[in-house]
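Thank you all for coming. Today I would like to walk you through some ring pairs and helix contacts, with the criteria stated as we go.

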Amino acid sequence: MTALAGANVVITGSGAGIGAALARRFAADGARVVVNDLDADACRAVAADIDGIALPGDAAGEEGVAALITGARKALGGEIDIYCANAGIGEGMGLDASEQSWDRSWDVNVMAHVRAARLLTPAWLARGRGHLVTTVSAAGLLTMLDASAYSVTKHAAYAFAEWMAITYGAKGITVQAVCPLGVRTALLGATGEAAALLLNDGAVDPAEVAEVVAEAITNNAPFLVLPHPEVARMYAGRAADPDRWLAGMRKLQARLEFAKDGRGQEG
């Protein structure tokens, strides 16, 4: 038996990538999984693979989140035990990122978590338990070069998860923030050339992330889940000496600019 056996689980953005890997891993441990994705065909395909429940649709907007949670409770015949706010987007590459890109990034990467928590928390408090898993990314602890909206909103996603853990952690609600570095998904490429330059070599498969997350849920549920353990060292270095960390990131930025245009010198 594990913490996932028999659990009612909802996973957003689970038509592919990390979300699909989480759905498969959790189902293998005996969880009852609601698969959600904007891509209805992908959503239904993953659900069929794991004998899960497909609820395609928006998991970011206020109405979409409400419909998903209401539909999941009805389909599962009870309360949601674990809600994985996994859906994310990577757009908005610099200061010229459009207002629309910023709005979409806030909606999907941050407000989707807030809106789900608003609807889930009262029931979880009433029964004394509940579990929120947020897929944040190492960008929420560090940053991602050339991806302004992604970096900022992932920082906010991490901050919200931290706030939830502080506010409700002693009241039966478990919160975890999953912060992988590079993962071989479509989102890796969507975050721009910086991802290809800096993350590809150490990128892991989504199934590896899902394994780490499943183990973390089962084994004491630590707040910070790091599929790439080296992120802890980077995060500590950033906090201990911000100026040194910024200088190192500027060197990486110079490498990126050199690689992009083939001119100039690395700093």
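There are four aromatic pairs in this structure, where rings of Phe, Tyr and Trp (its six-membered ring) pair if their centres lie within 6.5 Å, with planes under 30 degrees apart counting as stacked, over 60 as edge-to-face and the rest as tilted. One of them is formed by Tyr-158 and Tyr-235, an edge-to-face pair with 6.4 Å centre to centre and 75° between the planes. This pair links distant parts of the chain, since Tyr-158 sits in helix α5 and Tyr-235 in helix α9 (residues 230–240), 77 residues apart. Tyr-158 counts as buried because its relative accessibility is 8%, and Tyr-235, at 28%, is partly exposed; here buried means under 20% relative accessible area, exposed over 50%, and partly exposed in between, with a 1.4 Å probe and protein chains only. Trp-163 and Tyr-168 form another edge-to-face pair, at 6.1 Å centre to centre and 80° between the planes. In that pair Trp-163 is partly exposed at 46%, while Tyr-168 is buried at 17%. Ring pairs also link Tyr-158, Phe-223 and Tyr-235 into a cluster.

A word on the basis of these values: this is a predicted model, in which local features need pLDDT of at least 70 and side-chain atom pairs count only at pLDDT 80 or more, while totals for chains, interfaces and linings use all residues. Residues are numbered from 1 along each chain as its sequence is written, and side-chain values use heavy atoms, with hydrogens and water left out.

Now to the helices, which, like strands, are DSSP runs numbered from the N terminus (helices H or I, at least four residues; strands E, at least two). The axes of α4 (residues 99–127) and α5 (residues 148–168) come within 8 Å and cross at roughly 15°, where axes are lines fitted to C-alpha atoms, for helices over the stretch in contact, and angles run from 0 to 180 degrees between N-to-C directions. The two helices are therefore roughly parallel, a term for angles under 35 degrees, with over 145 counting as roughly antiparallel, 65 to 115 as roughly perpendicular and the rest as oblique.

Finally, helix α1 (residues 17–28) packs against helix α2 (residues 40–50) at an angle of about 20°, with the axes 10 Å apart, which makes α1 roughly parallel to α2.
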